[in-house]
Every structure is written in C-alpha cells, then in structure tokens.
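User: I'd like to go through the labels attached to this structure and see what each one rests on. Could you take me through them?

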Amino acid sequence: MSFIVAIDGPAGTGKGTMAERLAKKYNLVNIDTGATYRCVTLEMLNKHIGLDDEEAIAEMLKNIKIEMVNEDGKQKFLLNGKDVTTEIRSKEVSGNVSPVSSIKQIRVAMAGLQRKMAQGKDVIMEGRDICTVIFPTADVKIYLDADAEERAKRRFKQNQEKGIEMSYEEVLASIKARDKNDMEKEIGALKIAPGATVIDSTNMTIDQVEKAISKIIDKRKKEIKKEKKIYWERPETPWKKGVRATIKAILHAFYKIVFRLEKVDEENLPMDEPVIICANHLNYWDATGLVVCSKRVIRFIGKEDLFNHAFLNWIAHVFNVIPIKRGQRDLEAMKRCLKALKNGEAIGLFPEGTRKGLEKGAKVQNGAAYMALKAKVKVVPVGIQGTFKPFTKVRLVYGKPLDFSKYDAKNPEKDNLEQATKEIMDNIIMLTKKEK
C-alpha cells in the first residue's frame with residue numbers, strides 16, 4: 001500500500017524545494033507534476049500549436065512521451081527522449097504554462113500520467129490540484145502559501161541561480177497573473193482541499209517549513225501504523241470460532257438472566273442471505289445484545305475508539321467487528337462492509353450513529369441505505385425496547401425485511417438514499433412502540 005504526500009499551493013511558495021527535501025528525508029519518490037505541464041507547453045511551443053487548436057493538441061498528446069529519471073541524485077525530465085530539465089524553466093515556457101495547463105484535454109491526460117507515475121510507490125507530489133483532483137485521498141495534504149511579494153523574491157533568486165534572465169518586476173507580474181489564472185480555472189483550480197493543513201511560509205525559513213511538514217508526516221505515519229493494527233483481520237481459525245462460541249453462550253445467558261431479554265419475530269431475520277440489521281441505539285449494552293443473542297452471526301460496525309483498549313480490541317477481532325471513523329467518509333470501512341455482504345454475511349449498525357441520536361436531534365446516517373442499494377440486499381429493522389437496567393425486561397423486536405430494489409431506477413441516487421433511510425428509521429421507530 002503506497003504512502004502519498006500531496007502539496008498544493010501557488011507559484012513560488014517553495015513546494016518544489018520542500019518536495020526535494022522531504023523526498024530525501026522519507027525516501028519518497030518526488031514527482032514534479034508542474035514539470036509535466038511544462039513539458040507539454042514546450043512541445044506546443046516547438047510545434048507552434050495554438051491554445052484553441054483542439055485537433056493538434058489531441059494529436060500531440062497521443063504521441064508525446066514524458067519521462068522522469070534520476071541521475072546522480074538529481075531529477076531530470078525527458079521530452080520524447082531529450083533532457084529538457086533546464087529548458088522547461090525558461091521565460092517563454094513560464095509565461096505560457098498556466099493557460100496551457102487550463103486546457104481540459106491536457107489536464108485529463110496529465111492527471112492520468114501523474115497517477116501512473118505514482119502507482120505502487122511511496123511518493124510526494126506538488127502542484128496546484130494534487131490534493132483536490134489527482135489524489136484527494138492522499139495520506140498527507142498540505143497547502144503551502146506565502147504572499148506574492150515574498151514568492152517573487154524567491155523565484156527571482158532561483159532564476160538568477162539557474163541563469164534565467166527575468167527582472168524582479170517581471171517575476172512579480174508573472175506570479176500575480178499566474179495566481180489569478182490558477183484560481184479561476186474551470187478544471188483543477190487552485191484551492192484549499194478539505195482536510196489539508198495550511199502553512200503560510202511568508203515569514204518562515206526553509207528549515208522551519210520542513211520541520212512543520214515533517215511533524216504532520218510523522219504524525220500520519222504513526223496513525224497509519226495504528227490503523228493497520230485496527231483494520232487487520234484475525235484469521236477465522238477453529239480456535240477463534242470456539243472462543244467466539246463460548247463467549248457468545250456466556251453473554252447470551254447473562255442477557256437472558258440479568259436483562260430478561262426476549263426476542264420477538266426473530267423469524268423475520270433471514271438465515272441464508274446477506275442482510276443489514278438496523279436498530280435504535282440506547283446504550284453500550286444494545287449492540288452486544290443483538291450480536292450474542294442472535295441465532296445468526298452478525299458483524300457489527302463499531303467506532304474506531306473501541307480498538308484503542310487492548311481487551312476490547314481482542315474481543316472486537318474475535319467477533320469480526322468492522323471499525324469505522326465516525327464523522328468522516330471511511331472508505332476502508334465501507335469496502336469491508338460491502339465485501340462482507342458480497343460474501344453472504346450479516347452486517348449490524350445503528351443509523352442514529354450515536355447513543356439516543358434521535359432524542360439528541362442527531363442527523364440520521366444514510367450508510368445502511370447506501371450499502372443496501374449498492375449491494376442489492378435487504379434491511380431488517382429492529383426495535384429495541386427497554387432500558388437495560390438489571391432485571392427489567394428488554395425486547396428485541398424484528399421487523400419484516402425491507403426490499404429497496406424498487407428504488408433502483410426510479411429517482412436520482414440522493415433521493416433514493418433519503419427515501420430508503422427514512423423508511424428504515426420509520427420502521428425502527430414503529431417497532432420500538434410495538435406492544436405484545
């Protein structure tokens with residue numbers, strides 16, 4: 001699994017310098033995405049292709065070959081086999097790269113190239129839309145900023161070192177024009193991505209910027225290491241099955257005696273097909289009660305915090321609980337749930353998302369409806385009645401399976417989710433009030 005650091009920001013903020021430094025520090029492959037657009041710009045200038053000549057651009061993109069190589073620790077770019085590392089930084093290319101990179105077919109082509117360059121590698125990429133378009137799920141997302149005057153000073157000094165003749169005034173005007181163009185692009189516009197950390201480097205040294213980003217990378221690496229332990233699935237061995245059956249039997253007896261638990265209409269729960277069980281959420285006891293008192297094996301979805309406690313982590317792995325990061329789109333958890341449903345398993349969750357969510361006015365989550373529509377499986381609503389106070393009666397009332405195939409082609413997906421979610425909650429609420 002690759003590790004991706006993405007850095008966005010306007011021209012002259014030091015993104016390239018940071019990418020070089022951090023690539024060496026963390027042994028990452030440094031992919032200069034801006035250089036790919038500069039290569040295309042140089043090719044268009046060489047072939048005298050206009051910005052509005054769609055046919056010529058399409059033909060050029062079919063045949064262009066852009067390669068990134070490392071020689072003696074230095075990154076070089078080859079355009080159709082020729083080293084153009086210095087040439088793509090020329091005044092002429094710099095003055096034309098922004099409008100060229102705004103062309104839709106060029107952005108699509110370069111996005112594909114950049115993702116291909118990063119495939120299967122631990123990489124660091126910098127540009128304008130890495131965090132928003134190329135890798136919106138990057139492990140680390142940074143938006144590096146600085147005021148225009150400071151950026152112009154840096155770029156002017158950089159040009160002098162490379163022998164590029166441009167006055168400070170020209171550089172400043174170019175940067176301001178570039179900022180305007182980059183922020184107003186129809187596709188891949190420069191903006192701060194959700195979840196990105198903004199670092200203003202105007203009054204920071206290079207070392208200070210590197211230290212700030214390094215802290216973020218180190219923190220994320222620790223989180224990933226922890227997540228690997230959480231998302232690791234304990235093999236389904238005979239020993240594990242035996243332990244689970246023993247714990248389940250003991251806890252089932254406990255619930256029957258202490259909470260006088262009674263199951264109503266459990267025959268509504270299919271035993272031989274994938275299904276999602278949705279219930280109201282009262283307290284810490286209800287999820288365990290549903291799992292240990294059911295005739296069927298149910299894999300519940302539990303918040304990630306559960307796995308921070310050693311004993312609870314062990315129990316969760318024994319019962320194949322699926323961890324989820326609350327308050328955000330957890331793609332890994334969703335993938336795992338869909339895989340389980342595909343394998344014919346039963347998934348359990350609380351649409352309220354939190355204990356007594358309806359009473360608190362919490363927004364009902366549409367994850368159950370999404371999975372039901374996506375996997376084409378039924379949802380069994382369950383109304384939990386009682387308080388789970390010792391020796392007071394608790395009832396698990398199972399409703400008829402809800403089939404959402406009727407929504408498949410009827411309305412847009414958003415409407416489907418809203419209607420299906422409402423139907424699930426309406427049935428749960430009805431079952432919590434069902435009398436004997």
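**Labels and their cut-offs**

Analyst: Happy to! Let's start with lysine 325, which is buried because its relative accessible area is 17%, and buried means under 20%, exposed over 50% and partly exposed in between (1.4 Å probe, protein chains only). This is a predicted model, in which local features need pLDDT of at least 70 and side-chain atom pairs count only at pLDDT 80 or more, while totals for chains, interfaces and linings use all residues. Residues are numbered from 1 along each chain as its sequence is written, and side-chain values use heavy atoms, with hydrogens and water left out.

User: What makes the contact between glutamate 227 and lysine 325 a salt bridge?

Analyst: A salt bridge is a side-chain nitrogen of Lys or Arg within 4 Å of a carboxyl oxygen of Asp or Glu. Here the N to O distance is 3.0 Å, so the pair qualifies. Glutamate 227 lies in helix α9 (residues 206–231) and lysine 325 in the loop between β12 (322–324) and α13 (331–342), 98 residues apart. Helices (H or I, at least four residues) and strands (E, at least two) are DSSP runs, numbered from the N terminus.

User: Why is glutamate 227 called buried?

Analyst: Its relative accessibility is 15%, so glutamate 227 counts as buried.

User: How do you know that glutamate 262 and arginine 395 form a salt bridge?

Analyst: Their closest N and O atoms are 3.9 Å apart, and that is within the cut-off, so the label holds. This pair joins strand β9 (residues 262–264) to strand β15, across 133 residues.

User: How many salt bridges does the structure hold?

Analyst: There are 28. One network, joined by salt bridges that share partners, contains Glu233, Arg299, Glu332, Arg336 and Glu345.

User: What makes phenylalanine 391 exposed?

Analyst: Its relative accessible area is 56%, so phenylalanine 391 passes the limit for exposed. Phenylalanine 391 sits in the loop between β14 (378–385) and β15 (395–398).
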